Amino acid sequence: MSNIVIQLANVNKRFGVLHAVRDVSFEIQRGQVCGFLGPNGAGKSTTIRMVMSILLPDSGVITVLGGSALDAKDRIGYLPEERGLYRKMRVADFLRFMAKLKGISRADADSRIRSWLERVELPNVSQKRCEELSKGMQQKLQFIGAVLHEPPLLILDEPFSGLDPVNRRLLSSVVRQLKENGTTILFSTHQMEQAEDLCDQILLIHKGEKVLDETMSQIHSRFDPRTILAQPANSIDTATQALKVVAGIESMRWSLEQKSFEIRLLAGVDPQRAMVDIMRATPLRRVELQRATLDDVFVKLVGGSVTKFEATSATEQVKVNHG
Amino acid sequence: MAERGATRRVRVIAWRDFRYTVLTKGFLIGAIILPGIMFAAIPLLPLLIDSKTAPLTGRVAVIDPSNSIAKAFEITLRKNPAQTIDLEEDATNTSTTDVALTVESVPDPSRVEELLLQLRDSSLQALIIISSNADGPSTELLIPSEASPRHTTILEKSLREAVTRVRVSKANEDYERITKLLARPKIDTRRVSPDGSESNEIAQLRMLVPAGFMFLLWMAVITSGNYLLTSTIEEKSSRVMEVLLSAVSPIELLCGKLVGQAGVAGVMLLMYGGVGLAGLGAVAMLDVVPLPHLLWLVVWFPLAYFTVAAIMVSLGSAVSDLREAQSLIGPAMILLTVPLILWLPIVENPNGTLATVCSFIPPAAPFVMILRLTGANEAVPLVQALLAMFVSAATVVAILWVGARVFRVGVLMQGKPPSPIELLRWIRAR
């Protein structure tokens, strides 16, 4: 059995003059959690809708669970970006309706509904009408609708948007549990910390084009900014004079925000060795090798007019900027 | 055997649509409680029909220099109004009105102003002015502004008879003898069926039967079509559509909604049709609805329903609110109202050119055909019935095909409604 759960090959989608998705290809392996990132209007939801066969691509091939998503809808859980419920329906009736659509028997559905409502901390709402729930509660209710049938593939479009920090953590832990149980998850988000925390793989799309498709460790190594943060124990002037003689430093600037020097290293310089040299040169309160966050990567890749070529040679781009 | 996924999903969608339409207050009142009340009221109908209207009492002044009309009017008023010549054929005669009027003859025409004042304060029920001019005598009837139409009719017809009575008297004839000679003979018309049984003929009712069938079909189909339109718009505006499309394909969703609302239309047809049949049964006139008519209804119901439903659901998917839908639905509604406007000429001449041509114009064809086929006076050629059925079935297939393509694209669209060119693009999209 193939380990590839979702596969897109050269997928394109246009809406009139707008080329919403341009020649996008990627694969998601079984059991992986893939973060689908991109600025607003980048084409994330359109791509997800095509994966779900809600929209059809103009060209390219999409394979989901070995075939078309239309044939596998009972094995996919989907939380769309735009939340929607039957406002007049009671909570239990809505979830039962969703369960029936996914082929779950009524008795089985009832026990699952009870269990999930408790799990997402929504007790005593089953007889309420959907319109009586708060926005956050409705979002959790819809999340239950997506996972009730225990699908092997879960697609979540902005699952954390609009949730307070407590519920965000709650939902995040549920997603983590599903991942541990082997569910393959594709989720789009603007919450970079959540993506960094949960994802094995990151897909970044910008203006309809894929600009990044890497595992988290690949991203960390590729987007190593080669910057050391050093907070001096003595005066800034003294420390500046002392650091000028350290070898391998390309540039240096004082960060008021960090109350530290941001020291950029030349290409080929070993950061560990440089840190030792810096500590020898001047007394320090703190020294650390700055790690690229997903937020930094996102801003770097979509902040300017980034092309696919630039993204694939992102490491070189960083070097050029610092050179 | 396990139910196939697509069948199950269509069934689940259909049941939800059916259940949440039938259980709304509006539907319960309109389609179940109202026919229930009508059904319960059937035994009370004769009592209601026999109820008396308010009595006509008070004074009537007749300005008549000759005094002849006033006297004749007094005699006429003493008769039961239902027995006057003019009222014999009047349907409203089934209810009776007590008349106790005092007729005051006023020979002096100069009192007209004084009497008009009395009329205005309602102390006078009517003022009759008889005058003569070059063309002969003229008669005016003045009544208070709040006079009931029924009372006015009695006064008019009694006055007409009084004038006639005076004319006959002036010609030295006996009014009672002449009225007896002119009385309309009662004809007892009965239909004899092939098995030899006889039933009373009520021609007007027989004319109304096809209209009843057509209105029943029209009401059930249009009502459920409207439910389909509003529920689709609601699912779009509440953003639940994408949730549904994550679990079902657009075609499964469309089929489920169509089947669910077909059930709603079926319930309405049964409820109102049942009340109609019960009403006819209560007055022992079930023979005006023979079994073939009911079978024709069964044949034309799905054709009418799916034509209208496919139009409604594709419109619902293309727009974002009801106002936009109403502006787009105009042309289809004009065609759908054709049978409502033309039912009388079609029933009177079911094989005429108008009826025949309208039988092949979708989406009105099913309604026109039910009018023609349930009319009693002429048999519709079978070949025409079959051809109309084929045209309607082809229309259903074509509208469903177009509707499905519009639905597939439209359900996820928000914002302004599509232009005709955009709609064409949706239909042609892969």
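Let's start at Lys207(A), which counts as exposed because its relative accessibility is 54%, over the 50% cut-off. Chain A averages a pLDDT of 86, and 93% of its residues score at least 70. Residues 305-323 of chain A are another matter, with a pLDDT below 50.

**Backbone features to look at**

- Lys207(A) sits in the loop between strand 8 (201-206) and strand 9 (209-215) of chain A.
- The phi of Lys207(A) is near 50°, a positive value in a residue other than glycine.
- Asn124(A) also has a positive phi, about 60°, although Asn124(A) is not a glycine.
- You will find Asn124(A) in the loop between helix 3 (106-119) and helix 4 (135-147) of chain A.
- With a relative accessible area of 75%, Asn124(A) is exposed.
- Over in chain B, Pro362(B) and Pro363(B) are joined by a cis peptide bond, with omega at about 0°.
- Pro363(B) belongs to the loop between helix 14 (353-358) and helix 15 (365-374) of chain B.
- For context, most residues other than glycine have a negative phi, and most peptide bonds are trans.

**A four-stranded sheet in chain A**

- Four strands of chain A form an open sheet in the order 11-12-10-13, with antiparallel pairing.
- At the edges are strand 11 (249-255) and strand 13 (284-289) of chain A, each of which pairs on one side only.
- On average, neighbouring strands of this sheet are turned by 20° against each other, direction ignored.
- Helix 8 (residues 236-243) of chain A packs on the sheet, where it touches strand 10 (227-232), strand 11 and strand 12 of chain A.
- The direction of helix 8 makes about 15° with that of strand 12 of chain A.
- Helix 9 (residues 271-281) of chain A lies across strand 10, strand 12 and strand 13 of chain A, and runs at about 170° to strand 13 of chain A.
- Strand 11 of chain A and strand 12 (residues 260-265) of chain A run antiparallel and are joined by six bridges.
- Within this pair, Ser255(A) stands opposite Ser260(A) in strand 12 of chain A.

**A buried arginine**

- Arg49(A) is part of helix 1 (residues 44-51) of chain A.
- Is Arg49(A) buried or exposed? Arg49(A) counts as buried, because its relative accessibility of 15% is under the 20% cut-off.
- Leaving aside neighbours within four places in sequence, Arg49(A) contacts Ile54(A), Leu55(A), Tyr78(A) and Glu82(A), and also Glu242(B) of chain B.

**A helix pair in chain B**

- Helix 10 (residues 250-282) of chain B packs against helix 11 (residues 291-318) of chain B at an angle of about 130°, with the axes 10 Å apart.
- That angle makes helix 10 of chain B oblique to helix 11 of chain B.
- The crossing of these two helices of chain B is right-handed.
- On the helix 10 side of chain B, the residues that meet helix 11 include Leu254(B), Leu258(B), Ala262(B), Ala265(B), Gly266(B) and Leu269(B).
- Their partners in helix 11 of chain B include Leu297(B), Phe301(B), Tyr305(B), Phe306(B) and Val313(B).

**Where to read with care**

- Beyond near neighbours in sequence, the stretch 305-323 of chain A has 21 contacts in the model.
- Where pLDDT is low, the predicted coordinates should not be read in detail.

Definitions and conventions:
Residues numbered from 1 in each chain as written. Chains lettered and ligands numbered in written order. Predicted model: local features only at pLDDT ≥ 70, side-chain atom pairs only at ≥ 80, totals over all residues. Heavy atoms only, no water. pLDDT = per-residue confidence, 0-100. Contact = heavy atoms within 4.5 Å. Pairing = 2+ DSSP bridges. Axes fitted to C-alpha atoms, helices over the stretch in contact; angles between N-to-C directions. Buried < 20%, exposed > 50% of the residue type's maximum accessible area, 1.4 Å probe, protein only. Parallel < 35°, antiparallel > 145°, perpendicular 65-115°, else oblique. Left-handed = near helix turned anticlockwise from the far one by under 90°.
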